[in-house]
Amino acid sequence: MFREDLLQGKRILVTGGGTGLGRSIAERMMELGAEVAICGRRGSVLEEAAAEMREATGGTVTTHVVDIRVAEAVDEMVGEIWQSGPLHGLINNAAGNFLSRTEDLSPRAFDAIANIVLHGTFYVTNACGKRWIADGLPGNVLSIIVTWVWTGSPYVVPSAMSKAGIAAMTKSLAVEWGPNGIRLNAVAPGTFPTEGAGARLRPSPKLQRSMDDIPMRRNGERHELSNLAAYLMADESAYITGEVMAIDGGRWLQGTGGYSHLVGKLDDDDWADIRDRIRTVNEKDKALRG
Ligand code: COA
């Protein structure tokens, strides 16, 4: 689909690039010649992913252990990356989410998601943006969001609120930083199954969805998302900025993009079971963090 050297010479940071969609996107960037940096909270997961990505593509990838909720740590990481040369692109992919009744969320639960998705994404974007502006260099930011920014969705309210904030950031900074040659776009993927999202958004067999929910009658394939990201990271798309583009097989237009279908369908026991299943995955993940 693309020239093999489409992203040659570009240096791109992919947050949460060690797993899931972030990893697929990062690997595609490497295939197209970019030098990639990936960051995440679990060092062993990042290292393993990086080794496999080097093997698969023959490209260059560096790993950075960071919790994007910590602004100082983010600035330190971006500064460290800049020491070996400026970045050309940033892909805001790192996120956190889980399905829950909103009345069951503690303030800490809300913060756990909002601090990653809203605050963390801002910290990384601004750490790159201020360096691009200071160095007089162009920059390119792509954020992975969700169609709930347009529709809202029950049971994922902290995520919907935070992703809507990223959409607002994308449009705001496209105007503010446009004169500096910095552009920002966002994509809103529908269902592209990943382990992380499956475990936290569809943790029980009761939550499986029908393909009738998707006008195209199928889930997305990772290469479809990665290729859209590659196009938006390439100079060939240089005049596109401030856009949010859905890639969801038409799902949100059909009104089936979120979790409205669950309203009134689950009882207290179902929610307790969902919570237990999500907790088990979270504990497992936590054990791998430094
Ligand atoms: N229902 C209600 N509350 C929950 C919950 C659930 N299923 N899971 C966690 N929480 C609450 C915890 O009880 C805690 O609040 P409390 O201290 O008041 O009890 C709070 O959320 C923080 O939990 P903790 O496990 O300490 O958070 P964390 O910072 O380690 O993890 C998450 C952050 C919860 C977002 C975790 O899911 C994560 O790290 N996810 C990253 C990957 C991901 O989500 N991928 C899918 C993206 S679609």
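## Helix α1 and Glu27

Let's start with a term: helices here are DSSP runs of H or I that are at least four residues long, numbered from the N terminus. One of them is α1, which covers residues 20-31 and includes Glu27. Keep in mind that you're looking at a predicted model.

So is Glu27 buried or exposed? Its relative accessible area is 19%, and buried means under 20%, so Glu27 counts as buried. What does Glu27 touch, once you skip its neighbours within four places in sequence? The answer is Met53, Ala56 and Thr57.

## The sheet

Now for the strands. There's an open sheet made of 7 of them, and if you walk across it you meet β3-β2-β1-β4-β5-β6-β7, paired in parallel. At the edges sit β3 (61-65) and β7 (244-247), and each of these pairs on one side only. On average, neighbouring strands in this sheet are turned by 20° against each other, ignoring direction.

Strand β6 (residues 182-189) runs parallel to β7, and the two are joined by 4 bridges. For instance, Ala188 has Ala246 in β7 as its bridge partner.

## Helices on the sheet

Which strands does helix α4 touch? Helix α4, spanning residues 107-135, packs on the sheet and touches β1 (11-15), β4 (89-92), β5 (139-144) and β6. The direction of α4 makes about 170° with that of β4.

Then there's helix α2 (residues 43-57), lying across β2 (35-40) and β3. Compared with β3, helix α2 runs at about 175°.

Methods: Residues are numbered from 1 along each chain as its sequence is written. This is a predicted model: local features need pLDDT of at least 70, side-chain atom pairs count only at pLDDT 80 or more; totals for chains, interfaces and linings use all residues. Side-chain values use heavy atoms; hydrogens and water are left out. Buried means under 20% relative accessible area, exposed over 50%, partly exposed in between (1.4 Å probe, protein chains only). Contact means heavy atoms within 4.5 Å. Two strands pair if DSSP finds at least two bridges between them. Axes are lines fitted to C-alpha atoms, for helices over the stretch in contact, and angles run from 0 to 180 degrees between N-to-C directions.
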